[in-house]
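Biologist: Could you take a close look at a single part of this model, the one where the open space is found, and describe how it is built? I would like one connected account, with the composition given alongside the geometry.

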Amino acid sequence: MGPSPWDLQRLESMGLDRYIQQQLNPQSLRNPPWLDQKLQQFSTLRQSAYQIYQTAHPRQVRLARLSAQPRQQAQTSEDRKAQRQAKVKQVLQNRAMETPAQQRAIEAQVMRPLNEAIEARILRAINSPRQLEEVMVHFWFNHFNVSSRKNFSRMWVGIYEESALRPYALGSFRQMLGATAHHPAMLYYLDNWRSKAAALNENYARELLELHTLGVDGGYSQKDVMEVARVFTGWRYVDMNPQRQARVGQTLPQYPDFLFDERVHDSGSKTVLGQTIRGSGLAEGEQVLDLLANHPATARHLSYKLAQYFVADDPPASLVNNLAQVFQSSQGNIKAVLTQLFASAEFWDARYQGQKFKTPYEYILSAARALGDRQVNSLQMAGMMRQLGMPLYGCETPDGYKNTQAAWLSPEAMMRRLSLANSLARSGPEGGGSSRTAQLEQVVGQMLSARTRTVLQSSPASLRAAAILGSPEMMMR
């Protein structure tokens, strides 16, 4: 996420090759004890989806309990309508009776899971020695995007990242694909929890093919989309007491929040990409995930995205082809693909050095790291990202945030970055000043061009830290 004083010291002491190997094996790196202690305070990251729902949606729970009460015998449609209206009226009355203090407490409950996810992500991105892992968690979240702007997904983004992405960020793509497919955040966000044999919803099936695996030019048809949607009918999440839920569907030990409801599953045979998928319940989905994870189009699609993220907006075809070969030969081993990428001539080619324009997320985090700010106000930093048009976990569309210059470079965006650069430079002790400038010179001084240095020398001392943070070199990675 950008150079920091503590990482530069580590790099200088061990050398570049060993540093890269260590980053590719993050299990060998330990977080600072204070960071682990802080992460332990975020209890919602260790809860089940149902537990979070119980506390983060108190009004919804209240409504569900009310709806579960025995209904009076309704003789006509008018009687049933009157009963529904009475329950809605009671919910509204309960809401009206809440005191301002109760409303604030409920709002804090509602926002806690998202706020804890934001704080954990930003603290790790700045302070964790596992920098490559943090980069890849960010990469994969955009690849398998779910949005906090959509009701229940808001409360589940933290456990989604924690259980479906982080464990596999440098591991098996197939395992990560399976973890996202079974997770309630994805099942809810793309509406697959609604999909039944009698009422098909193709949202997840379409994005699974177009975004998660094959790519838009991956050779599938609309017929394939519909067949995949049929395969995933009945894939839902635990939305009531888990013991009671298990009586109406099949649960899985490795995915405790997942539920397969065979009653609404399309049990007929399907044909996906020319391959017959015989009706076998839950196993059909695993067969399709295997098929997609091992497909050559998936290898090329993911290799292109990785090359684009790490090398160039328009990555060289030679690199994409080499990465795709490694992806296939290693059966989707992400670490093997990254090892090939970091050893490639294209990665080290001077033409591509410092040519990737930072996204708002990358810019804000790199500024904090360059300034040596460890224990930051994470929610305030998230507010800065929001000001720059990239709210953390807030991308509404399934394709996630872009990482290309065209998506983020504009006059208005640059004015906002320069304003935030000034705020960040003045946020230190005694309002910033020479100590902030010295810190930045130590960390990013070698990156600065002769032209930027000339500008700095002619700038007032009180503005030099802001000038460095607003320099062209700080905008690139």
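**The lining of the largest pocket and its main helix**

Modeller: In this predicted model, helix 1 gives the most to the lining of the largest pocket, contributing 6 residues. The space in that pocket comes to about 1600 Å³, and of the 42 residues that line it, Gly 2, Pro 3, Phe 347, Gln 353 and Arg 477 are the closest to its centre. Sorted by residue class, the lining consists of 21 nonpolar, 11 polar and 10 charged residues.

Two of these contributors also pack against each other: helix 1 (residues 5–14) and helix 2 (residues 16–24) meet at an angle of about 120°, and their axes are 7 Å apart. The pair is therefore described as oblique, because roughly perpendicular is kept for 65 to 115 degrees and roughly antiparallel for angles over 145. On the side of helix 1 the contact is made by Asp 7, Arg 10, Leu 11 and Met 14, while helix 2 brings Leu 16, Arg 18, Tyr 19 and Gln 22 to it. Taken together, the residues of this contact between helix 1 and helix 2 comprise 4 nonpolar, 1 polar and 3 charged.

Technical notes
Residues are numbered from 1 along each chain as its sequence is written. This is a predicted model: local features need pLDDT of at least 70, side-chain atom pairs count only at pLDDT 80 or more; totals for chains, interfaces and linings use all residues. Side-chain values use heavy atoms; hydrogens and water are left out. Axes are lines fitted to C-alpha atoms, for helices over the stretch in contact, and angles run from 0 to 180 degrees between N-to-C directions. Helices (H or I, at least four residues) and strands (E, at least two) are DSSP runs, numbered from the N terminus. Angles under 35 degrees count as roughly parallel, over 145 as roughly antiparallel, 65 to 115 as roughly perpendicular and the rest as oblique. Contact means heavy atoms within 4.5 Å. Ala, Val, Leu, Ile, Met, Phe, Trp, Tyr, Cys and Pro count as nonpolar, Asp, Glu, Lys and Arg as charged, and the others, Gly among them, as polar. On a 1 Å grid over the protein atoms alone, a cavity is a set of points where a 1.4 Å probe fits but cannot get out, and a pocket is an open set with protein on both sides within 12 Å along at least five of seven lines; lining residues have an atom within 4 Å of a point. Grid points are joined across faces, edges and corners, and a volume is the space filled by probe spheres set on the points.
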